[in-house]
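Please have the sequence and the model open while reading.

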Amino acid sequence: MREHEVFIQRCLDLAVLGMGTVSPNPMVGALLVHQGKIVAENYHRQYGGPHAEALVVQQVLAQHGEVRASEIFMDSTLYVSLEPCSHQGKTPPCADLIVRHRIPRVVVAMNDPSKKVNGQGIAKLRGANIDVVTGVLESEAQWVNRRFITQIQQHRPYIILKWAQTADGFMAPLEQRQRWITGPEARQLVHRWRSEEDAVLVGCGTALADNPRLDVREWEGRNPKRILIDRDLVVPTTASLFNDAAETIVFNADKSDVAGNIRHVALENFDLYLPEQISYQLYLMDVQSLIVEGGMATLDRFIRAGLWDEARIFTSRAEWKEGRAAPRIDGPGSALLAASRVGPDELNLFKNVKQ
């Protein structure tokens with residue numbers, strides 16, 4: 001079992017390389033072990049592209065040719081971080097591929113919770129007399145694919161709250177203007193986070209005060225969808241949020257249309273269950289993960305609704321003495337996952353244990 005764990009951990013390390021490029025698919029890593037050695041490894045790289053298992057098979061065929069590859073397959077173990085798919089989607093079923101190449105043993109970290117798979121891939125393998133081991137590093141695999149699992153099981157995106165606060169607990173000045181709290185290292189890390197998630201959300205107060213672009217200009221990667229809560233459409237069309245760097249979705253009370261990369265979505269009973277309405281609408285749009293960047297009123301809406309999975313909170317050394325107070329999540333519903341320093345700032349990561 002220890003050997004299985006070593007190889008599955010490698011699959012998980014490979015899987016996360018697909019972060020930011022495979023959504024709404026899960027992140028998956030796979031490798032083939034022959035006579036105790038890894039002969040091929042790969043990961044799902046792009047939504048709509050080949051799955052990890054298929055890339056591993058292709059790699060062995062390309063390196064060894066069909067005859068030698070066939071001999072290797074029949075004396076190998078395939079390790080994969082998620083149950084092989086059993087249905088025809090954008091790509092053929094991976095379970096069929098494994099059966100066709102007569103790989104005798106498969107070790108799987110976790111079952112795929114989606115309705116189209118959910119044990120059927122494993123059943124297909126076992127039906128072909130393939131020895132299947134499941135549940136190796138299962139909790140670690142579930143953490144890697146927590147976004148995918150949340151989308152499938154809760155019909156909403158995985159929601160990450162993010163804010164910066166001063167040492168004395170303020171997140172914005174009293175007057176409506178921008179004032180930096182964290183250092184450049186923290187700001188670069190936020191841009192990396194944006195590149196890893198599907199969408200980032202702010203309210204109209206933040207849009208008016210900070211004129212954010214919500215892009216990844218300080219990191220290499222794709223820009224997320226930009227989500228704006230603007231009940232009465234007070235944010236001008238000249239705002240940076242409306243440039244052509246990415247799609248922008250505006251949740252409001254009256255207007256529904258699409259013009260270029262700007263989509264307006266009118267919500268009925270706008271002020272009633274707003275976080276829940278937004279979360280479900282984003283689920284329908286295949287948005288798998290969302291960073292809520294504020295401001296205070298927006299963050300507090302999601303906190304009071306209990307609609308968050310992680311909170312990532314920067315605390316600087318600065319003290320302002322006055323300002324707009326930062327939200328609070330310290331209570332029985334949250335657990336500290338990790339604490340670290342990012343440049344001069346402290347970063348605390350929390351998990352919502354009630355989810």
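What volume does the second largest pocket have? The second largest pocket has about 790 Å³. The model is predicted, with local features requiring pLDDT of at least 70, side-chain atom pairs counted only at pLDDT 80 or more, and totals for chains, interfaces and linings using all residues. Residues are numbered from 1 along each chain as its sequence is written, and side-chain values use heavy atoms, leaving out hydrogens and water.

**Pockets**
- On a 1 Å grid over the protein atoms alone, a pocket is an open set of points with protein on both sides within 12 Å along at least five of seven lines, a cavity is a set where a 1.4 Å probe fits but cannot get out, and lining residues have an atom within 4 Å of a point.
- Grid points are joined across faces, edges and corners, and a volume is the space filled by probe spheres set on the points.
- The second largest pocket is lined by 32 residues, and Asn25, His87, Ser114, Lys116 and Phe148 are the closest to its centre.
- Helix H6 (146-154) gives the largest share of that lining, 3 residues.
- The largest pocket holds about 1,100 Å³.
- Its lining has 46 residues, with Thr206, Asp210, Glu293, Gly294 and Gly295 closest to the centre.

**Cavity**
- The whole structure contains 1 cavity of 30 Å³ or more.
- Among the 18 residues lining the largest cavity, Gly20, Ser23, Arg147, Glu196 and Gln288 are the closest to its centre.

**Sheet**
- Five strands form an open sheet in the order S2-S1-S3-S4-S5 with mixed pairing; strands (E, at least two residues) and helices (H or I, at least four) are DSSP runs, numbered from the N terminus.
- Strands S2 (37-43) and S5 (131-133) are at the edges with a single partner strand each, so one side of each has no neighbour in the sheet.
- S4 (residues 105-108) pairs with S5 in the parallel sense over 3 bridges, where pairing needs at least two DSSP bridges between the strands.
- Val106 stands opposite Val132 in S5.

**Glu276**
- Glu276 lies in helix H9 (residues 274-284).
- Glu276 counts as partly exposed because its relative accessibility is 32%, between buried (under 20%) and exposed (over 50%), with a 1.4 Å probe and protein chains only.
- Beyond its neighbours within four places in sequence, Glu276 is in contact with Ala305 and Leu307, contact being heavy atoms within 4.5 Å.
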